[in-house]
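Here is a short briefing on a two-chain model. It covers the interface, the nonpolar cores and some backbone details.

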Amino acid sequence: MTTLWTTPREWLTKDAITKERLNAISDNLTYLHTPSSSIKTVRGTGADAPITSLTPIQIDDALFTASLETTGRVLNVNFLMTMANATAGAYTHIDVLMDGVTYLSSLTGTQLTYGLLRDRQSGAAYVHALSFDIKIPAGTITAGAHVFVPRVWVSGSTSTFYLSAGYFAQFGVRE
Amino acid sequence: MALSALWTPPNRWETGEPMAAVKFNTFFSNNLLFLHQSPVIQGVINRGTGTDITVGVLTVGAQPLDSQQLSFYADIEEGVDYNLSTHLTMASNSSMTQLTTLIDGTTWSADGSNGAQPNIYEYKYRTSVGYQYLASFTTPIPSGMLSPGRHTFTLMHYNNAANTWWAYLSGHYAHYYLTRTSGLTKL
């Protein structure tokens with residue numbers, strides 16, 4: 001298990017230098033070197049996910065649920081998947097839902113109209129990659145255990161996210 | 001002494017040196033706090049509240065996309081590497097979108113050059129007329145490229161003909177910011 005961060009001690013004159021206090025410094029250094037993260041990667045072993053929902057819905061929560069203990073640092077969220085919509089001109093939107101209640105686009109319970117990413121299909125069924133890498137500023141997310149899942153919706157037709165043989169997909173959250 | 005997230009180069013301890021509380025706070029606690037709170041984000045994060053941008057351009061050359069909404073200043077520290085990150089939904093009526101950043105009105109982000117036009121664009125994209133796409137890319141700003149102190153960053157796009165571009169902020173997430181690479185993998 002990852003060593004968690006604790007608020008550094010404010011040292012006072014004549015404080016005893018105990019092994020516990022020195023180890024607390026060591027533990028924090030360890031945390032900074034290897035902070036909390038949850039990276040979900042699928043290397044061609046999933047099932048393609050057809051999305052027709054006009055409101056936010058999972059791609060595959062069994063594969064892309066990122067759970068981690070945060071400590072109030074900057075949070076990095078990355079997403080990379082290959083997809084295509086069957087109809088030229090259709091839009092696909094992606095957002096990230098935290099703890100089932102907060103969308104990272106708006107930091108509220110309602111996603112921004114166009115989410116974190118809006119993509120318009122240039123040609124019917126043209127396969128292309130969608131990716132983003134965003135940071136949530138330090139102090140925005142309360143320290144503690146959190147669960148993150150990608151959410152997608154379309155303007156119409158079907159957007160297929162390719163997770164089967166030959167496709168790489170990744171969703172990750174890290175401090 | 002109250003703690004603060006302030007970096008001080010770690011002490012080189014000498015034999016017999018007193019371990020004063022102020023040194024532990026400065027070299028351990030404050031430095032740990034600084035690293036934990038890094039990278040500080042300097043710049044713009046738009047959560048749907050900005051105004052959409054339309055740029056109808058008749059002039060060939062690099063021009064600001066929006067000198068108010070997509071420009072910011074940041075304080076540069078000596079000896080520190082930075083990443084400049086852009087995430088913006090765009091569209092154009094023709095041709096290719098080419099984006100880069102102009103720093104202080106004089107320095108191009110891609111290579112630190114100071115010419116009237118950039119040599120390199122960090123982002124290029126061509127698609128069908130009016131089709132929205134995400135411009136998402138990160139540019140390294142290595143230490144030494146900019147002098148320590150405050151600098152202004154402005155997102156620029158290049159027009160090769162009389163075209164129109166759109167950048168979407170209303171109802172869209174977008175960001176344009178600078179972060180230290182401390183604690184992160186350098187590009």
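**Interface and cores of a predicted model**

In this predicted model, 44 residues of chain A are in contact with 38 residues of chain B. Contact means heavy atoms within 4.5 Å. Residues are numbered from 1 along each chain as its sequence is written, and chains are lettered from A in the order in which they are written. Local features need pLDDT of at least 70, side-chain atom pairs count only at pLDDT 80 or more, and totals for chains, interfaces and linings use all residues, while side-chain values use heavy atoms, without hydrogens and water.

**Interface**

- Chain A and chain B bury about 3,200 Å² between them, and 63% of it is on carbon and sulfur atoms. Buried area is the accessible area (1.4 Å probe) that two parts lose on being put together, summed over both.
- There are zero salt bridges between chain A and chain B. A salt bridge needs a side-chain nitrogen of Lys or Arg within 4 Å of a carboxyl oxygen of Asp or Glu.
- On the side of chain A that touches chain B, helix 1 (19-33), strand 8 (117-120) and strand 9 (128-136) of chain A each give two or more residues. Helices (H or I, at least four residues) and strands (E, at least two) are DSSP runs, numbered from the N terminus.
- Strand 9 of chain A gives the largest share of that side, six residues.

**Nonpolar cores**

- The largest nonpolar core has 34 residues, and Phe79(A), Phe132(A), Phe148(A), Phe161(A) and Phe171(A) touch the most other members. A nonpolar core is a set of buried Ala, Val, Leu, Ile, Met, Phe, Trp, Tyr and Cys residues joined through side-chain atoms within 4.5 Å. Buried means under 20% relative accessible area, exposed over 50%, partly exposed in between (1.4 Å probe, protein chains only).
- Strand 5 of chain A supplies the largest share of this core, five residues.
- Apart from this core lies another, of 29 residues, including Val55(B) and Leu65(B).
- Leaving out residues up to four places away in sequence, Phe161(A) touches residues including Phe79(A), Met81(A), Ile94(A) and Val152(A).

**Backbone details**

- The peptide bond from Ser38(B) to Pro39(B) is cis, with omega near -5°. Pro39(B) sits in the loop between helix 1 (21-37) and strand 1 (41-49) of chain B.
- Leu107(A) is not a glycine, yet has a positive phi of about 60°. Leu107(A) is partly exposed, at 30% relative accessibility.
- Ser157(A), also not a glycine, has a positive phi of about 60°. Ser157(A) lies in the loop between strand 10 (144-154) and strand 11 (159-162) of chain A.
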